[in-house]
Amino acid sequence: MIHINDKQFPASILGTSALMLCQAAHAAQPAGKKDTDRKRPNVILLIADDLGYGDLECYGAKNIETPNVNRLAGQGIRFTNCHATAATSTPSRYGLLTGEYAWRRPDTDVAAGNAASIIKPEQYTIADMFHDAGYYTGAIGKWHLGLGETTGEQNWNGRLSHTPRDLGFDYHYIQAATADRVPCVYLEQDTVANYDPTAPISVSYKRNFEGEPTGASHPELLKLMYSHGHNQSIVDGISRIGYMKGGGTALWKDENIADSIVGHSIRFINEHKDEPFFLYLATNDVHVPRWPHERFRGKNSMGLRGDAIAQFDWTVGEVMKAVEEAGIADNTLIILSSDNGPVVDDGYADRAEELLNGHSPTGGLRGFKYSGYEGGTMVPLIVRWPGRVQPATKINGTLISHIDIFASLAALVKAKLPEGAAPDSENRLDQMLGKSKKHRPWVSELSSTRMICVRNNKWKYIPASNKMQMINWGPNIETGNQPVDQLFNMIDDPDETTNVAESHPRVLQMMKRIHQEASATKATPSH
Ligand code: NG6
Ligand code: CA
């Protein structure tokens, strides 16, 4: 159970009615309550996709300007040691939204576009927490946590069950999975947005629909060639993972995805500016296929991946502008981060690798997305809350994990969590708001081969494994696996170049104990 630090938030910023109501988690909200709590901060959790630790100008990016993120950081806190809980999207987002490490569940790997909802409706999510605290809650953008009750049995032509609405989100406008997976349509409030009755939708991850071209059979139809995988159904001139048929006018155009996500986010902000709101804004950028709008093209030397970063930066600017124009900037906490580390060639021939021109997406760290090395999970984290956090602050080195965002925000809104909720999340609001530089005792990082790696402020430990050492299905990336225990001194050797396990047996024992604790603490909650 979370301990709420009353000293942090004077009762004056929380109406007394809010305090009383928050104590009854899951209780129905009395009519009119939301309007009485205007002072409670709105929270926008803005999560980029595959944006690396080194991909933003304020984190040392080369060849690319990110002026809007610079402005956000200039008005807020920039952290240099924040870790996603996993090196791919689905498990990372699972941890973020549930406060439970994904490795506790076997079914939390990268989800297909027709996967059933991974989070069960009876689980308590960060959106439930905000909702029960009287917030209006929304999820806009990439979802990738499954939809519907049963894999492959969703009715894309009717109403879906087991959607974000069953997980505490009052509103959603989402892509089912990622832009490289079918179905290539948005879902809004349980149905396909802009549904086209003349083009019923069928989806399969097993076989193609008769007569439908694929990237493999009709490469001449592609405007962006695949480099590995991604050779199945063609939508908008790009072949994807999985097969789909139909969609008609509901199909997205890749160049408009950011506009669509931003447009819905601005509308959400404007519609809910007079009540406390929580917005989980998950961009499609900079995940593959990278096909940003023309207006972001060619302004940097890195090609499509650079353009996608520019488009992400624009998104951040539009969101800042929206809260400023709505007059709620001072009362809106914006948290910017990424779901996992970066990757250059992730399956499309977008020349991302050859056009890096000296830019290092990971900021020089070892490994990339998928990896147990730091490049897989070290992510940018910027927190802006005008008047409440010190502007232009760099918090150097304080160890922070996404897993604690849930409980910290619960503390922020004084929500009392039900027993068993967010079992791995701890309240570190003071760290998030720059009031404490205390390290998290350890963070755990799940690689794409499901290896749990742990690190504390000084040491990183990766247990010995005989699993593959390089990803063997496409990108040229170290998994982090080695047949021997690996121990790195993260202060002297942040790039994990020298394994000191043999020369530091006592430290190794200590990290093994931490690993045991990190991968076995707390009973799995009863869901
Ligand atoms: C991989 C895809 C990759 C990306 C990733 C998930 C292939 C060959 N590669 O399987 O392109 O979609 O899954 O990325 O299919 S994530 O950021 O959503 O986790
Ligand atoms: Ca991702």
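Guide: Two strands pair if DSSP finds at least two bridges between them. Helices (H or I, at least four residues) and strands (E, at least two) are DSSP runs, numbered from the N terminus. Here, β2 pairs with strand β14 (residues 393-395) in the parallel sense over three bridges, and arginine 78 stands opposite lysine 394 of β14.

Visitor: What should I know about the model and its numbering?

Guide: This is a predicted model, in which local features need pLDDT of at least 70 and side-chain atom pairs count only at pLDDT 80 or more, while totals for chains, interfaces and linings use all residues. Residues are numbered from 1 along each chain as its sequence is written, chains are lettered from A and ligands numbered from 1 in the order in which they are written, and side-chain values use heavy atoms, with hydrogens and water left out.

Visitor: Which other strands pair with β2, and in which sense?

Guide: β13 pairs with β2 in the antiparallel sense over six bridges, with valine 383 of β13 as the bridge partner of isoleucine 77. β15 pairs with β2 in the parallel sense over two bridges; there, isoleucine 400 is the bridge partner of cysteine 82.

Visitor: Is strand β1 mostly covered or mostly open, and how is that judged?

Guide: The criterion is relative accessible area: buried means under 20%, exposed over 50%, and partly exposed in between (1.4 Å probe, protein chains only). Strand β1 (residues 42-48) is mostly covered, with seven of its seven residues buried. Asn42, Ile44, Leu46 and Ala48 are buried on one side, and Val43, Leu45 and Ile47 on the other.

Visitor: Which strands does β1 pair with?

Guide: Strand β12 (residues 332-338) runs parallel to β1 and is joined to it by seven bridges; isoleucine 335 in β12 is the bridge partner of leucine 45. Strand β11 (residues 277-282) also pairs with β1 in the parallel sense, over five bridges, and leucine 279 in β11 is the bridge partner of isoleucine 44.

Visitor: Which residues coordinate the calcium ion (ligand 2)?

Guide: Donors are N, O and S atoms within 2.8 Å of the metal (3.2 Å for Na, K and Ca); water is not among the atoms, so sites may look incomplete. The calcium ion (ligand 2) is coordinated by Asp49 (OD), Asp50 (OD), Asp339 (OD), Asp339 (OD) and Asn340 (OD1), at 2.2 to 2.8 Å. Along the chain, the donors follow the spacing D-D-x288-D-N. Aspartate 50 lies in the loop between β1 and α2 (67-74), and asparagine 340 in the loop between β12 and β13 (378-384), so the pair ties together parts that are 290 residues apart in sequence. Aspartate 50 and asparagine 340 are both buried.

Visitor: How are nonpolar cores defined, and which residues of the largest one touch the most other members?

Guide: A nonpolar core is a set of buried Ala, Val, Leu, Ile, Met, Phe, Trp, Tyr and Cys residues joined through side-chain atoms within 4.5 Å. The largest one has 133 residues, of which Ile44, Met129, Trp143, Tyr280 and Leu409 touch the most other members. Helix α6 (residues 303-325) gives the most to this core, with nine residues. Domain 1 (2-195 + 259-432) and domain 2 (443-519) both give residues to this core, so it lies between them. Apart from this core lies another, of eight residues, among them Leu222, Leu224, Tyr226 and Ile238.

Visitor: How should I read the division into domains?

Guide: Domain bounds come from an automatic or database domain assignment. The centres of domain 1 and domain 2, taken over C-alpha atoms, are separated by 27 Å. Contact means heavy atoms within 4.5 Å, and 33 residues of domain 1 are in contact with 31 residues of domain 2.

Visitor: What packs around helices α3 and α7?

Guide: Ten of the ten residues of helix α3 (residues 89-98) are buried, so α3 is largely enclosed by the rest of the structure. The buried residues of α3 pack against β1, α4 (126-132), β3 (136-142), β11, α7 (405-412) and β16 (443-446). Just after α3, glycine 99 takes a positive phi of about 70 degrees. In α7, eight of the eight residues are buried, so α7 too is largely enclosed by the rest of the structure. The cover over the buried residues of α7 includes β1, α3, α4, β12, β15 (400-401) and α8 (429-432).
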